[in-house]
Amino acid sequence: MISRRTLLRGAGAGALVVAVPVPALAAEGLVPNVFVRLDGAGRITATAPRPETGQGVRTVVALMVAEELAVEAGDITLEQAPGDTERFGSQTINNSTSVRQLATPIRTAAATARCLLVTAAAQRWRVPVSECTAKDGAVCHPRRGRLPYRALVRGAAALDPATVPVELTPPEKWRLLGRTRGGRVDARDAVTGRTRYGIDSRPPGGMVAVVARPPWIGAVPDTIDDTATRAMPGVVDVLTLTAPAEGQGGVAVIARSTHQALRGRDALRITWRGGTPAADSRAWLADLHSALPAQSPITGLQRVYQMPLLAHAPMEPMNATAHVRPDGVTIWAPTQDPGGLRTQLARQLGLPTTAVRVETAASGGAFGRRVEPDPVLEAVACSRRAGAPVQVLWTRADDMRHDSYRPMSVHRMSAEIGADGLPVRRAHEVVTWPLTVLPIFNNPALIKASGDHFPYTVPGDVTVTVRPAPLRTGFWRSVYSGQFLYAEENFLSEIGTRAGLDQVALRRKLLPAGSRLHKVLDTVAGRAGWTRPPAPGTSRGVACLEEYGSAIAVIAIAEPGSRRVLRVHAAVDVGVALHPSGVRAQVEGCVADALSTVLGAQITVREGHVAESSFGDYRWARIDQTPDIDVTIVPSNAPLGGLGELPYPPAASAIAAALAGDTPVTGMPFGTDVG
Amino acid sequence: MARYLLRVNGERHEVDVEGDTPLLWVLRDELGLTGVKYGCGVGLCGACTSHVDGQAARPCVRTAADSAQTRITTIEGLSRDGDHPVQRAWRELDVAQCGYCQPGQVMAAAALLARDPDPDDAAIDKALRDNVCRCGTYPRIRAAVRRASRIMREER
């Protein structure tokens, strides 16, 4: 048995700075910590500290609390924490860390409540704690019977939590975690339209602003004629936003309704200056090529891969609502980092953090885009001007043309091939851009650390050359792994094809002994019937990745002639799959991203601006292009791993290799000009 | 500004808006029906899919003026308690991830099943191919439409 204090302190490392139990003060309830509380009627409320963007974190929090408190997930009322790092620790969702970092603190928080209730019952009955068990919302004793939580709340609240040892429910006794039954806790809201996303969070009396954004990269307003706009019905004000303090910059039209704001924006007459009106992504790609070192460190087989710009394009376009008052500010935002946002706003506005409230709305997708605060900064500027709550809404074209894009990159792969056809030495030379939204990424070592996860035992070097980014770039699901692994796995596939080697066997041979990847690779090969030859007209691709504390192998089966992907098999080892349906969903989602980006979705820049503006030209995959997806969760004793990003790079690699058949892949999208 | 009489989810509403206001913004801004989602505004993504006179339609590309005298059903009006067979099937198969496109997907699927109670995969793909899901829930959507079809058959 471990003491609760030890556990909570241990959990604080990197995850939760403060989860120190607060002894119950309220006479009516049991409030052992910031995550779990019971009211006088025994009703359980849990707080999800990190935002929900579709990754399913709220469901996992509810399952963990329900598991430890011996109730069903549906018995938990789930609240979403506002931004508050002092109470909740880091609230950012990035690098696939949420479940890994929350599992111990949340389970411990709920187990604390359970142990207090059990102790209260034991004291009431004057029996040893060890004879009492929690079950179905009550504490039970073989002879004394059963006391529901509501009868124990007062007694539990009177206990000093420091005197009550806390024991987590061991995995072999789990009823909910790791079980296949049960979907998401928000499933009913999702299909009835009741989920309140950021876009649905405008308070009564709130106004709407839309922003006229630069027509080419880097432009700023020169002259602004807003006469016609100001004369239009419903238009309240027009103001110039200056980057970076007020977001990305532009001219905002504040109006009573969305339609009036949009019409008002259409009527603005603005001239723009500065920036790069001739920018072209084909020229950017040529620049990346020209920055490759003159000579590769290895002579042998060589192939150059090129990767396009990609937009996040979450279904819910960027938006944020702010209400700036003399004494503080309230924000309603779909954000990946409510706590960091609050801290940044307090600093930027010169307010104490207690004067900044960030209400965390559900996000209609995020994919890395919503770690950035720019829509919130725009909303703050507009609300300050209007003296009322203002929601800034980005249109789809705004969202697609003013994103922080995944960087373009060029990868020169070289390998010395041994007599058996396998690579004996390798070189991977990368030329790419940094992530402008986080200046520390202007560092080749950091880019290499993010992207370099080559899992095979082939000695060699990865070198990164960084060129200045010509537009905003940011975190996109899997970050640099997506580009690096795509080049590496496709190059390995080409090596195997040239030597006539079996793609699974050669990978098995090159994986280090004891690698977690052996088991997932063997599993997925079995699921895909790898030992049988592919059906006529079809071909297959395979790829592996170990990252985020998890391991995955993917096999794709495609019909190159029709450019159709027929099936994708994946086997994952995430240590402990707390919510199996959610684990499968993350794999399915990454496969959809992989399919989309391999089959043709890319961002291009012509005449200074992003050419794509919506889902008509940013060709994200549709249901009729979607293959069957078979996900196997491999049992494992490894610690809890992350999964939100892991499947994307190998899925893209395997899909491209399958579509290519015996021809080499040279870039993403496959078979289309890049840039 | 002009007044328009709309019939939405079985109720009559009078709204006072410019005639060219997209029905999407009338439903969201004027009537508070925020289950109707804005995704693109130009009829390309299907996030706002609702029913107009029983057919799947996109409120972002219809105006308030077009919509007078039509019968509009939004996700909020599909069923009383969220227990339409399509909604039940969606829950059973745990379809939603972020959920943002799902009101539109559910409405498109309900319209499909109303005219074709037993669609094959090709019919499902055809009916839903212009409803974009950025989370990649398509395999579950396909399975859930088939499941909803079975629920409807069993309960007929």
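## Chain B and its contact with chain A

The contact takes 43 residues from chain B and 46 residues from chain A. Two residues are in contact if their C-beta atoms, placed from the backbone, lie within 7 Å. On the chain B side, H1, H3, H4, H5 and H6 of chain B give two or more residues each. H6(B) gives the largest share, four residues.

This is a predicted model: local features need pLDDT of at least 70, side-chain atom pairs count only at pLDDT 80 or more, and totals for chains, interfaces and linings use all residues. Residues are numbered from 1 along each chain as its sequence is written, and chains are lettered from A in the order in which they are written.

| H3(B) | 85-92 |
| H4(B) | 102-115 |
| H5(B) | 121-128 |
| H6(B) | 138-155 |

Chain B has six helices and five strands. Helices (H or I, at least four residues) and strands (E, at least two) are DSSP runs, numbered from the N terminus. The order is β-β-α-β-β-α-β-α-α-α-α. The C-alpha trace of chain B spans about 45 × 35 × 25 Å along its principal axes.

Of the 156 residues of chain B, 61% count as buried. Buried means 20 or more other C-beta atoms within 10 Å of the residue's own, with C-beta atoms placed from the backbone.

In chain A, helix H8 (residues 258-266) is largely enclosed by the rest of the structure, because seven of its nine residues are buried. Among them are His259(A) and Arg263(A). Their cover includes strand S7 (207-212) of chain A and helix H1 (23-30) of chain B.

Technical notes:
Buried ≥ 20, exposed ≤ 12 C-beta atoms within 10 Å, placed from the backbone.
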